[in-house]
Structures are given as C-alpha cells and as structure tokens.
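Good morning, and thank you for making time for this item.

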Amino acid sequence: MARFETTLEQICNHLGGVCHGDSRQLIDAIEPIETAHKKAISFVANPKYGAQIDVTQAGCLIVSPALQDRALARGACIVTAEPYLYFARLTQWWRAQTLSLSPSTAEPLIHPSAYIHPTATIGDGARVGAFSVVAAEAVIGAGAVIKNHVSVDIGASIGTDSVLHAQVTVGEHCVVGARCIVHSGVVVGADGFGFAPNQGRWEKIEQLGRVRIGDDVEIGANTCIDRGALGDTVISDGVKLDNLIQIGHNVFIGAHTAMAGCVGVAGSAKIGAHCTVGGGAIVLGHLSVADHVNISAATVVTRSITKPGHYTGIFPIDDNGNWEKNAAVVKQLGGVRERLRALEQRTAVPTVDSSK
Amino acid sequence: MARFETTLEQICNHLGGVCHGDSRQLIDAIEPIETAHKKAISFVANPKYGAQIDVTQAGCLIVSPALQDRALARGACIVTAEPYLYFARLTQWWRAQTLSLSPSTAEPLIHPSAYIHPTATIGDGARVGAFSVVAAEAVIGAGAVIKNHVSVDIGASIGTDSVLHAQVTVGEHCVVGARCIVHSGVVVGADGFGFAPNQGRWEKIEQLGRVRIGDDVEIGANTCIDRGALGDTVISDGVKLDNLIQIGHNVFIGAHTAMAGCVGVAGSAKIGAHCTVGGGAIVLGHLSVADHVNISAATVVTRSITKPGHYTGIFPIDDNGNWEKNAAVVKQLGGVRERLRALEQRTAVPTVDSSK
Amino acid sequence: MARFETTLEQICNHLGGVCHGDSRQLIDAIEPIETAHKKAISFVANPKYGAQIDVTQAGCLIVSPALQDRALARGACIVTAEPYLYFARLTQWWRAQTLSLSPSTAEPLIHPSAYIHPTATIGDGARVGAFSVVAAEAVIGAGAVIKNHVSVDIGASIGTDSVLHAQVTVGEHCVVGARCIVHSGVVVGADGFGFAPNQGRWEKIEQLGRVRIGDDVEIGANTCIDRGALGDTVISDGVKLDNLIQIGHNVFIGAHTAMAGCVGVAGSAKIGAHCTVGGGAIVLGHLSVADHVNISAATVVTRSITKPGHYTGIFPIDDNGNWEKNAAVVKQLGGVRERLRALEQRTAVPTVDSSK
C-alpha cells in the first residue's frame, strides 16, 4: 500500500465518533493493539480485552463508551457505540485514500491488449485490464473493474462497480450483481456435476442453467460456483464466500450468509439466510438448512436442519495414541451398548433411557 | 443459452422413445417437474415420485412404461425404458441445438492473439481461443477446443474433440485423451509433493513423470492432477472428477470412477474402476481401493479396501451442546470399555464379545 | 521429458557415493524398484524392503552400506549413507540435464506478448512468458522465471531464481522470496475473509496487510494465501505447501513446515517450525501450534497444541452398516456414560476413573 498519513480529526470528520485527546495527532497505520506503534490507531471491540488498553503503544484507540475512561487514561481515543464496525469503516476509508495515491489508477480504462467482442456492452467508467476476454453479448456495468486474464463469456453480465480480480472466469449467460468482489481464480458457471449411469459408463447431463449472483457478494480466491442443470444456481445478496469453496449446481444460498474456506455444498442444497458455515464443512445434496443456522468448521451436514441454532460434528483431536485407543472403541460402540444393556438387565436396573 | 424451440416429434425423431399425445406440441425448455411451465418438458426417473405427475404444469413428461397411464391422464408424454438416461441425452441434443444458434461459433478457428509455438501440431478443425499458449511440440487433436488463457506446455497432447475451458493449464508432456472436458482453472501436471528430509530441511524430489488422462474424462473447475514422481499419474477412461479435487502424484484411478467435489487422493493411491467417492472424502497415500467401492462424503480412507461395498466414517452432526457432551466421552472411550469390562467381571456376566 | 542417457560413473562424479560394479553401465531412467527395467537406476531407502533387491530388474540400485552385499549380489550399486536423499538429488540433476536438451530454453527471456509496466524492475536473466502481467513498481529478481498468464501486481516482489508457473497471481505489495517454486493457479495476496456484522449485513474490513513468503518455499497448484488484515501473513523459509491449501489472513507458518493437499488454516493461526500437517486437516483461527508437531490427515485442530507430538482426530472408516450403528451410539454417549456410572454405583464398584 502507498504510504498515507492523516489526523484523528480527519478520521472523525469522515467516519463520525467522538475524538478525545489531541485531534491533530498524526496517524500513519491501523495496527492490532498488541503490536501497535505510536503513530498507529487501534481498536478494542470486546470489553474483556480491556487490560490491553493499559499496555498498548497505540497513538489512538477506538473504544465503546464503557471503556472511554480507561482508554483516555493513557492517550487519545475515539468513542463510538460499535468499535468493530467503526474499525471496518476505517479500513475502507483508509484503503480508498491509499488507492488514490497509487499509480495503478493512471492505467487506461480499457487496456489495449484486452480482447472485447464487438457485441459486448461496457458501461461508463468500467475498466478492463490486460489480456482480459469479454465475449459476445456480455454486459459490463458502469464502474466495473475487470483485471488481467479475466474471461467474461458470451451473454454474461457484470453489475455496476463490481471488481473481477485477475484470472477470474465468468461463464456464459451467468450474472454477477452490483458491488461484488470476485477474487482471483474464481470460476463462476462451470458445468455442474451431473451424469446418468448407462451400463457402467456415465452419460453427461448438459448443464443448461446459469449462475445468478446478487448484489454486494464477495467470492474468495479459487472458489467455484457451478451453473444449474435445469434452472439456476443462486447466490443471494450480501453473501460472503471465502476461498476454495465448492458450490454445486442448483444450490441456493440465502442473503447475508457467510462461509469460511474449503466448504463444499453439494447440488440442490438450499441454505438459509444469515447462516454461517465454518471452514471445511460439507453440506450434502438436496438438503435444506433454515435461516440463522451456524455450522461449525469441518462438520458434515447429512440431514436438513429446520431450526436456527449451532450444529457440530467433529471427531475430537487427541494425542495419536489416545485417538487410536478411542477410535477402536468407536468401531465397537454397537456392541458396547449391547453389553451395557445386558448388564443393566442382569443387575435389574430399571431404565427409562430412550436410547435402548 | 440462446432461445430454442422444438416439437415432441422432433425430439422423438432424434432420441427415440414413443410419443403419446399431440406430437406437434411446442417445447421451449427442459425444466424440473416441480417448477415446469406449460411449454417445458420434464421427466420422472423414479416411480416413487409418481404423485408429482398429477400436479405438474409440464407440457410433456418423459416416463417409464409403468407410469405411462398416469402421465397420459394429464397430457403428452414420451415413454422410454430409461427416463433418466433419455433426459441426459435430451440435454445433450438441446445444448447442441442452442450452440448452433450462438454467435460464438462465428469466431476464428485459431484466435490471432493466441500464442502457438511453431513446432506445435494442431489438428484439422481444432479451435484456439484468445491469449491461449500452445508451447513447443504440443499436439492438439482434430476438433479440439482450447479456450481463453489456456496453457498447453511443451510436448503435451490434447485428444480429438476435447474441450479445455478458460484458464486451464496442461503441463509439459502430459496427455489428455479424446472427448475430454476440462473445466476452468484445472491444473494438469503440476509437480507432485515429494521431498526428502535433510537435516531439518526438505530436499526437492524432482517430479519426472507425467499425467496420462484417458478418453471421455471430465475434470471439474480448479481440480489439480499432479504429475508422477517416477512413472505417471493415470486417470482411466470415462472417469468423472468434480471441482476442487486434489489427485496426488502416481495415483491411479480406474475406468468410470466418479468423485464429487473437494475430494483429496494422496500420492500412489490406487482407486478401482466403477467406484464413487463422496464430496470431501480423503484417501491416504499408497492405499488400494477395489473396483465397485462407494465411499461416503467426508470419509477418510485410512486403509486399503479389498471388497466392493459402501464405506463410511463421519462424526454425526448434532446440536452443538449435545456434540460437546458426546465428544467429551469419545475422548474417554478406552476408559469406558475398561469400566464396562470390570463391571462385567464383577457381576460375573459371561461374555463372548470379541471386542474385549 | 527429453530423452537423456548417462553412466553410473557420471552420476557418481556429480553426486558422490561409491559405485560398485560396471561404472560405464548406461542409465536412461530413474524408476521405482518394482517396475524398473535394465537400463534404469532405482533405490532402496528402507532396509525392510531389502527383499525387493533380489527380484528387481534395475540396472543399478542406490543403497545404504548395510544393503551393499545384497545389492551387489545381483548387479551394480551406488552406496551412500542416505539413499533417499541421494535419490532426491539424482532427480534434481536428472531434470537439469533433460531441461538443457529441451527447446523451451530457446524462448526469449521476456516474451513480447507479456505486459510489463514501465516502472517494474526486472533482474538480469529473469524470464517472463507469454501474456504475463507485471504491474507498476513490481520487482522481479535475477534469474526468476515468470510463465504464461501470470499476474504480478503493483509493488510486488519476486526473489532471485524463483519460478512462477502459468496462471499464478501475486497481489499488490506481496513478497515472494528467493528460489521459490509457485505452481499454476496459486493466488498469493487475495483479501483475507474479514467482515464486521452490521444489522444483519456484513461490512467489509479492508485487508491492508501483505503476504510475505520466505526463501526456498514451494506452493502447490491452486493454493491460496490471503493477505493480512492489519500486518502480514507470513510463510517462513523452507515451507512446503501442497495443492489446494487455504491459508487465512495473518497466519504465521514456521520454517520448514510441510502441509499436504486440501489443508485449511484459518485466520491468525500460528503454526510452528518443522511441523507436518496431513491432507485435508483444518486448523481453526487464532490457535498456536508448537514446533515439531505432526497433525494427521483430516484432523481438526480445535485447540492450541503446546507440545511436540503426533495428534489425530478422524472418525474411523467402516462398512456403512456398522458405521450407522456405531454413529447412532456416538450421539448417545453422554447417556451411555451416565448409565455406566449408575451401574457402577448400584453394584458398588469402587472407581478412581477421572472421567466421571
């Protein structure tokens, strides 16, 4: 990032909050509270980390009203009801300032080496990087940025102010909404995985649907979203997908759901809105997951989930020797239960356990 | 997809089956039975979904002889012994018809911006997209299609009528067979992961083998197939790999095996023919898996499997609170078995359980 | 690979070791001992595989002193204290010899189709392939090789003698050290996954840090390493990452740690030096893992690990029917323990088991 320097006053002018201490103080970095230096601004989102306030070197802290006194005792602070949200907006503003200092903005709006089909439509202010391909009948919204080696195939459309980073592929007739960020290596609209068995061989089911991605969606590097077989794969507004995620054909993901890296969602699964899915989790095909469900990392969703809540299925990590011992018993648990039941009967223990 | 309209008569002329009802009926879409509209054709592959027949709006249904009467009671139908296979072929024919309407076919056979080494061999009717790279001594079969930003490295060969989608990489001397479909972001022939330990550091073992991919193989987006260390990594005819799969060096995958997304197969594993591997499963290195084995999603194959069958190893998903309770006991199962055994001895229960 | 032929004498001249038998013998391949033909050289790294010596067709075997007599009884051998390391170096030397025979070396140092920003710095002997992009202020070290369709963004730096294979992306201001190998499809420096919740929506936290990769690092195909939110993501010297690995923002990986394919490391995790992580393992965020820790494949690291050792957490694979039975009991283990405890009390068994 280009070097950038500002004052607490300027920060509060742009982002609000109440500045306490010397508002002309210079700030040249946003840093974590543990390692912040004297010209850095940092934040305390959680009151239970209040003790860090006393020892940080940060020049200014973003804090909630409850921590104002403690923060002020050691230097400048910005007080706001939601410090973490304030921090997020500070990073956005900071990035906008540093970008405006960067020479990359001097590049042409449409790079001469890019290949754009004459039937494609490019909105005002859209920028296309070197060696990108925009195929026939594609539509690129105003203000969109298409970086190096991107392919936007025939009939696809990219919404206004969306950014496609280097090496992204958007397949034919797929739709990316407005203000989306699509990171490098993402593949939108490859064929879904559909085959009919035919005498020991697999007969391809052509994937005739599309991918439709809503507004304000972010898609992490090398993530894949397959086109529908019949009908579309749908990623709703505000969804955030991390890197290396697989979204199968005809999956529906509800608005504002977030998934961490390496998640796999099999075909035709329907994930609700406002869900979170931890890294490496797998959701099997044709299941439904309700709104406001949280799936832990590495959990395998093998049945539909109809109620909001937090769901987990992970084999607990252990020293390898202990694991071997315990895993051996796991493979005999049916027998263990039988033996327990027999013992209970033999010793005449009355039981109401439903697991019998 | 370009708009396409046909009649039931034309469908049956091309694909067979017996048309009942008005064969001049117009069809403009293939749709799932639940959401099909009046000009759509749909299918019922499984007799247990027969009740959907009575309520669908579809203009025509593809059904087995057993469902003919029920289907006919509500409108036109095409009767065939294998409705799902018929559906698969209908999608293929449909796609061919719509493609022939698409402007992309008007593009040049070899795009002027592509870089092709003078020693490369390109078959009749092969098409190379914008900014592809075909390096020295590569061979591209007749009718092959090489899309944007593809790299085919020195000495590699691509079989007749195969399609390499945008951003594919085929490494040096690797072989892709005929009629293969390789989706965007696939990497064929990166180095396998091989290192010799040397005083706390890793010494690279150069990967001197190739990848050899048979005919009629489909490889999903961003999947990686590493070259062999010594000898080759082999993907046999008719194998279907979904997205984001990792195939390690010197793996062998038998004919017509299918793997769902996010599977990882470690080096030198040998997977049989006609197997299926569920999404997110992991196969450890140097193992053998017999023909006709089905591995459930997210299962870890830690030992060779010598008999056909269905194998699973997943920690069951649960409400997080229950999971915590049960997972704590999992870590004590060795002790639980000891206690059970002690109890059995103390209460003089005779046991023949082999799990002791 | 181009055809290459040498003698045992030449091998020993370059790599050391003591040659026994006819040193003028011609060798045209390195092959696994099971399938080696008469002009191939092979190796026996582990004395327990000594029996293979008696039956192999290999023209020469690389063995330790302990196996010298057995190897010599059947033909030529090279004796060295560390046969596996010798083998690794032989593959390196072999590849260098075959590369020098390959026409690809005749290609220009910087390909005319590559796009290089006028402010970028390119070291002596660096080579840039077709359609690469080197953006403003990037620095490419001497001897580095940048292949087709690579993007090196503004301010990034690539160390001397590093190789970036086709379709690699190195984001702005990221640093790749010397002698690194970065395989196709790798994305270095995409945004980390950081959002602040805001009334049911996600507010982006701009990722203002970089990725810093040390020397002698190898990164497998389609692996992603995200830039830090504040501060940097750090991959230390000598780290080896396999394919399709996800490294979250602000992760630190210690020197000479190796990770197999499909591993996911969540944000701010700190992995020690000289660790190994098996394929498909997941490390949750903000954890610490000590030096010299070995994590088994597919294990989920849910807590920090402070002591060297071998750690595992995998649900054991089983026939699907058995699995179903045992998995059902897993979901009742809390109850099983209760019942066991009740039985123990009822039968007056004294217990010192801490798991109560």
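**Helices, chain contact and sheet**

Let me begin inside chain B, where B:I11, B:H14 and B:L15 of helix α1(B) meet B:Y86, B:R89, B:L90 and B:W93 of α4(B). Please bear in mind throughout that this is a predicted model. Sorted by class, this helix contact consists of five nonpolar residues, one polar residue and one charged residue. Helix α1(B) covers residues 8-15, and its axis comes within 11 Å of that of α4(B), the two crossing at roughly 105°. An angle from 65 to 115 degrees counts as roughly perpendicular, and α1(B) is therefore described as roughly perpendicular to α4(B).

I turn next to the contact between chains. How many residues does each of chains A and B bring to it? Chain B contributes 69 residues and chain A contributes 68 residues. On the chain B side, at least two residues come from each of α4 (83-99), β39 (318-319), α5 (320-330) and α6 (333-346). Which of the elements has the largest share of that side? It is α4(B), with nine residues. In terms of class, the chain B side holds 31 nonpolar, 27 polar and eleven charged residues.

Strand pairing also links the two chains. Strand β38 of chain A, residues 309-312, is joined to β39(B) by two bridges, and the strands run antiparallel. Within this pairing, A:Y311 has B:D319 of β39(B) as its bridge partner.

Now to the arrangement of the copies.

Finally, I come to a sheet in chain A. Ten strands form an open sheet with parallel pairing, in the order β8-β11-β14-β17-β20-β25-β28-β31-β34-β37. At the edges stand β8 (115-116) and β37 (300-301), each of which has a single partner strand, so one side of each is left without a neighbour in the sheet. As one example of the pairing, β20(A), residues 187-190, and β25(A), residues 224-226, run parallel and are joined by three bridges. There, A:V188 has A:I225 as its bridge partner in β25(A).

Conventions
Residues are numbered from 1 along each chain as its sequence is written. Chains are lettered from A and ligands numbered from 1 in the order in which they are written. This is a predicted model: local features need pLDDT of at least 70, side-chain atom pairs count only at pLDDT 80 or more; totals for chains, interfaces and linings use all residues. Two residues are in contact if their C-beta atoms, placed from the backbone, lie within 7 Å. Helices (H or I, at least four residues) and strands (E, at least two) are DSSP runs, numbered from the N terminus. Ala, Val, Leu, Ile, Met, Phe, Trp, Tyr, Cys and Pro count as nonpolar, Asp, Glu, Lys and Arg as charged, and the others, Gly among them, as polar. Two strands pair if DSSP finds at least two bridges between them. Axes are lines fitted to C-alpha atoms, for helices over the stretch in contact, and angles run from 0 to 180 degrees between N-to-C directions. Angles under 35 degrees count as roughly parallel, over 145 as roughly antiparallel, 65 to 115 as roughly perpendicular and the rest as oblique.
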